[in-house]
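Colleague: Before I rely on the labels attached to this model, I would like to hear how each of them was reached.

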Amino acid sequence: MIMEVDGVSFDYAGNPVLDSVRFRVRKGEVLGILGPNGSGKTTLLKIMNRNLSPKAGSVVVEDRDIARITKREIAQRMAVVPQGGEINFAFTVADIVLMGRMPSLERFQMESDDDLRIVWDAMQRTKVDHLADRPINQVSGGERQRAIIARALAQMPHIILMDEPTLHLDVNHQLEVLDLVYGLSRDQGLTVIIVSHDLSMVARYCDRIILIHDHRIEAAGRVEDVLTPDNMRKVFNIEAELDYDERIDKNVVSIIRPCRQ
Amino acid sequence: MNNPDGIEKGVELFRNRSVRWALSLLGLIFILFLVILLSLSRGALDITFLGVIDVLFGGGTDIERRVVWQLRFPRVVMALTVGAGLAVSGVAMQGLFRNPMASPFILGLSSGAAFGAALAMVFGIALLPGYLAIPSMAFAFCLLTLLLVYNIAKVGGRVPIETLLLAGIAVGAFFSALVNLMTYLAGDDLQGIVFWMMGDLTQFGWDNVYVVLPMVIFGASIVMYYSRDLNAMMLGDNHAQNLGIEVGKVRVHLLIACAMATAAAVAFVGIIGFVGLVIPHVMRLIVGPDHRILVPTSILAGGIFLLLADVLARWVLAPQVLPIGIITALIGAPYFVYLLRRRRKEVGW
């Protein structure tokens, strides 16, 4: 187990957000944390990265309780791709990706040529190398998101945590980015955790799914066991079916109609 | 997918940046020396550049040595230190608050420090004895102002920039009014305090330098120490945390550093506006937003700017000496307006 979330609870001023959430993450898998907006999944992500401390429970990464190690030690193991947002400063795309080496460098240590190679390799993988010199506030939302993903890859993490990774991306870039991290999980044993409300994308790429509903885990397990018509009706209020498309060797969700109340 | 040639080209790109950084630092150090020479040579007794260099290496007449070493040199160091202190707090605060308008002046820190210093001057209230009386009071009130502004601005655990600036302006105005009140009540000391409030570099000896210099070095060192963290913090707290930075701790340390550097500057030289605001912007346009180069170049440029302003202050109405705050505001205010008129993107914000 590369990560264990054990009995995590959280509330904002008495309103429960998460209620004894418990699951394990296997090394090298692509895990989807799926749920509608407001189900508590973003709070869960923040707790998994210790941006928030849970009211109860613990998160253990590679046998270390993250409450007991430094932020830097967490960042050496786990990279986070936050939801895309404005960046208002004229840092170049290369500057941003270079920041991914921060957790690995001593305070006054300049980046070595090896660091620069890691950074450039990450930029090539996410196809932002041709933007290296462009200020980040002058590229498109999709390009910015790819630069942030490159930064996460440059951290050379064991776990990559993605918050709604497809939100600001065009469909072709969604597929490219997810193909990329999926490939890294297969080839290099990178563990990928995707927090999303995007049913189709999670069904397509994830090995396992944790389905969050009303602040607790509704179902967990393999895609075909979790995305049943009953679960999708209950959690997302839709009539939908999970199919297997042999042309692409992937699961696809056929959304039929919203449920009538 | 990844071609090694491309990687080497990319590495080259980063290497060029280090060269650019080194060049901008060297350029500023060169200008610094020129301005120091200029400042040492001008005054009631004009000495040539070569004459000054001669004096620095032990030559020259007795008078020249006395003028350069006892009168002008402490003043030069004072101007450099104060300019550097204000610029370094400005650059740190703009990064910390992710706002181009943040500066020790706008956030009320200068006025708060001035109030503390004025208390010590007018009423003799002091925390520490002797030479440390005024700077220690300035630091205490600078920190107090910072906490006050920060807490007023805090809305449900967050500090939105808008409320922060408004709180800074309000608290700053309040402390300014108190300083004015004290000036009014000061009576006989009036001339001295009025001059100090407008920013005054006259009559400084080495003993003042020994107090101000360590305070500014302390503040600047902390900002330098956290310069890389500042880069990540400019992207937002969540980005910084994800990159392993203990954001809360770093922020507190940086705020203390800002208060220290600002207090040192204000305690002796009064309120000098716009250095902390303008210098970081100019340097950001030249060297870019990376704090690892932005902080040291701002420190140098702040010192250079204030020293030049001092040369102007002595030269414009010679033999009268203008308060240096007038000069910096005359240059700084139009530039501030220019910044406001330009679109944010072009300035890099």
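Modeller: What follows takes the labels in turn and sets values against definitions. This is a predicted model, in which local features need pLDDT of at least 70 and side-chain atom pairs count only at pLDDT 80 or more, while totals for chains, interfaces and linings use all residues. Residues are numbered from 1 along each chain as its sequence is written, and chains are lettered from A and ligands numbered from 1 in the order in which they are written.

Colleague: How do you know that the span of helix α4 of chain A agrees with its number of residues?

Modeller: Helices (H or I, at least four residues) and strands (E, at least two) are DSSP runs, numbered from the N terminus, and the expected span of a helix is 1.5 Å times one less than its number of residues. The 13 residues of α4(A), residues 113-125, should therefore span 18 Å, and the end C-alpha atoms are 18 Å apart, which agrees. Just after this helix, A:K127 takes a positive phi of about 60°.

Colleague: What makes β9(A) and β10(A) paired strands?

Modeller: Two strands pair if DSSP finds at least two bridges between them; 6 bridges join β9(A) to β10 (residues 216-222), so the antiparallel pair qualifies. Within this pair, A:I212 stands opposite A:I217. Strand β3 (residues 30-34) of chain A is joined to β9 (residues 208-213) by 4 bridges, and these two strands run parallel.

Colleague: Why are β2 and β5 of chain A placed at the edges of their sheet?

Modeller: The open sheet has 4 strands in the order β2-β1-β4-β5, with antiparallel pairing. β2 (15-25) and β5 (64-65) each have a single partner strand, so one side of each is left without a neighbour in the sheet.
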